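Let's take a walk through this one together, from the pairing of strands to the packing inside and then the charged pairs. Have the sequence and the model side by side as you read.

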Amino acid sequence: MGPDNAVVAPIGDPLSTVGRFIVVVLFDGVDLLDVTGPPEVFALLRRELGEASGYRVALAAETTDPVTTSAGVRILPDTTFREVAGRSIDTLLVPGSVEADDRGRVRALADPAVVDRVRTLAATSRRVASVCVGAHILADAGLLDGRRATTHWSTARQLADEHPSIEVDADPIFIRDGDVWTGAGISACLDLSLALVAEDFGEAVALRVARQLVMYLKRPGGQSQFSVPLEPVSTTRRIEDLRHYITRNIAGQLTVADLAAQAHVGERQLTRIFRTELGKTPAAYIESARVEVARNRLESTDDTLERVATVCGFNTTDTLVRAFRRQLDTTPTEYRNRFRASAGV
């Protein structure tokens with residue numbers, strides 16, 4: 001990068017008529033990876049199919065002046081919203097931005113001017129896709145009304161509260177509802193982009209792109225974006241100490257009575273504390289923690305299911321399987337086959 005700390009837009013003529021025309025919406029404060037992740041996937045597709053095939057990506061903003069991202073890196077737009085407004089767009093990609101308070105609580109932002117531009121561009125787009133908290137911009141533009149959608153887990157409650165007409169599902173990595181796609185956490189932009197490639201060019205081509213990225217072709221859209229370490233940070237030291245205690249003693253019995261004794265409170269009070277701080281009962285939290293540890297072992301070890309069940313506190317494989325179905329809508333064996341770290345890509 002030059003002294004201006006600016007990132008140059010994608011190589012080639014993004015406004016060429018060759019290939020499917022993709023417009024990525026830019027605005028100040030946008031999350032950097034939301035912008036750069038999808039074009040990287042599409043660039044690898046061009047490598048697989050040839051320069052004259054695949055996609056043409058244009059980064060569009062209000063003006064062609066550099067846009068400063070949330071990471072402080074500046075990006076040069078290819079074109080303006082006005083210039084692409086009259087064009088037929090294959091895919092409109094809408095990234096997002098957030099603000100965080102001094103306690104680390106995150107809130108998605110949606111500039112009304114950007115919302116208006118997105119609403120206009122969506123009218124001439126074959127499909128629209130949001131990346132991470134970009135779903136909030138689609139929602140404000142009225143593009144998610146009556147649809148099922150996802151977003152980053154940290155702003156899912158905000159999306160549901162502000163837009164009751166949307167069926168918000170905070171669990172999947174991405175959701176397609178008709179011609180509108182919504183993606184979850186930041187890295188899920190790659191999964192979403194691969195899914196778009198698979199829809200347009202077939203899974204065989206998408207697999208070739210995934211291999212270039214050294215990642216799986218796709219995690220299923222229904223795969224959970226959650227993991228226990230990503231749960232919201234507790235506001236009290238007592239519950240945080242209990243979470244660490246659960247992690248250290250994951251293979252143990254971990255009854256409500258045991259946890260209550262550790263916290264020096266009654267069992268009913270403990271349940272109220274868990275519901276207030278973590279939004280679930282102690283038993284539900286313990287199960288999610290055990291599933292998380294089991295996921296890691298299935299991905300990284302050759303342990304039998306019996307061994308995984310024992311070391312994670314499930315005791316029997318039947319209990320392990322039932323927990324996986326409840327938490328992830330899959331089985332431990334199916335999970336291992338898909339996500340085993342040693343699997344070829």
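Which residue in S14 is the bridge partner of Val128? That would be Val180. Before going further, a word on ground rules: this is a predicted model, so local features need pLDDT of at least 70 and side-chain atom pairs count only at pLDDT 80 or more, while totals for chains, interfaces and linings use all residues. Residues are numbered from 1 along each chain as its sequence is written, and side-chain values use heavy atoms, with hydrogens and water left out.

Back to strand S14, which covers residues 180-183. Strands here are DSSP E runs of at least two residues and helices are H or I runs of at least four, numbered from the N terminus. Two strands count as paired if DSSP finds at least two bridges between them. On one side, S14 pairs with strand S10 (residues 125-130) in the parallel sense, over 3 bridges. Strand S13 (residues 174-177) runs antiparallel to S14, and 4 bridges join the two; Ile175, for instance, has Thr182 as its bridge partner. S13 and S14 make a hairpin with 2 residues between them, and Gly178 in the turn has a positive phi of about 65°.

In a regular strand, side chains alternate between the two faces of the sheet. In S14, Val180 and Thr182 point one way, Trp181 and Gly183 the other, and all are buried. Buried means under 20% relative accessible area, exposed means over 50%, and partly exposed is in between (1.4 Å probe, protein chains only).

Now for the packing. A nonpolar core is a set of buried Ala, Val, Leu, Ile, Met, Phe, Trp, Tyr and Cys residues joined through side-chain atoms within 4.5 Å. The largest has 64 residues, and Phe42 and Leu92 touch the most other members. Helix H6 (residues 188-201) gives the most to this core, with 8 residues. Leaving aside neighbours within four places in sequence, Phe42 is in contact (heavy atoms within 4.5 Å) with Ile22, Tyr55, Val57, Leu93, Ser193, Leu196 and Val197. Another core, of 17 residues, lies apart from it and includes Leu242, Ala260, Val265 and Leu270.

Have a look at His136 too, in helix H4 (residues 135-140). His136 counts as buried because its relative accessible area is 2%. Its side chain makes a polar contact with the side chain of Thr155 at 2.9 Å. (For a polar contact, a pair of N or O atoms must be within 3.5 Å; within protein, one must be able to donate a hydrogen and the other to accept it, and residues adjacent in sequence count only if both atoms are side-chain atoms.)

Finally, the charges. Taking a salt bridge as a side-chain nitrogen of Lys or Arg within 4 Å of a carboxyl oxygen of Asp or Glu, the count comes to 19. Arg20 and Asp90 form one, with the closest N and O atoms 3.6 Å apart. This pair links strand S2 (residues 20-25) to strand S7 (residues 89-94), 70 residues apart. Arg20 is partly exposed at 28%, whereas Asp90 is buried at 11%. Arg126 and Asp200 meet in another, at 3.2 Å from N to O. Here strand S10 is tied to helix H6, the two residues being 74 residues apart. Salt bridges that share partners join Arg20, Asp90, Arg126, Arg127, Arg176, Glu199 and Asp200 into one network.
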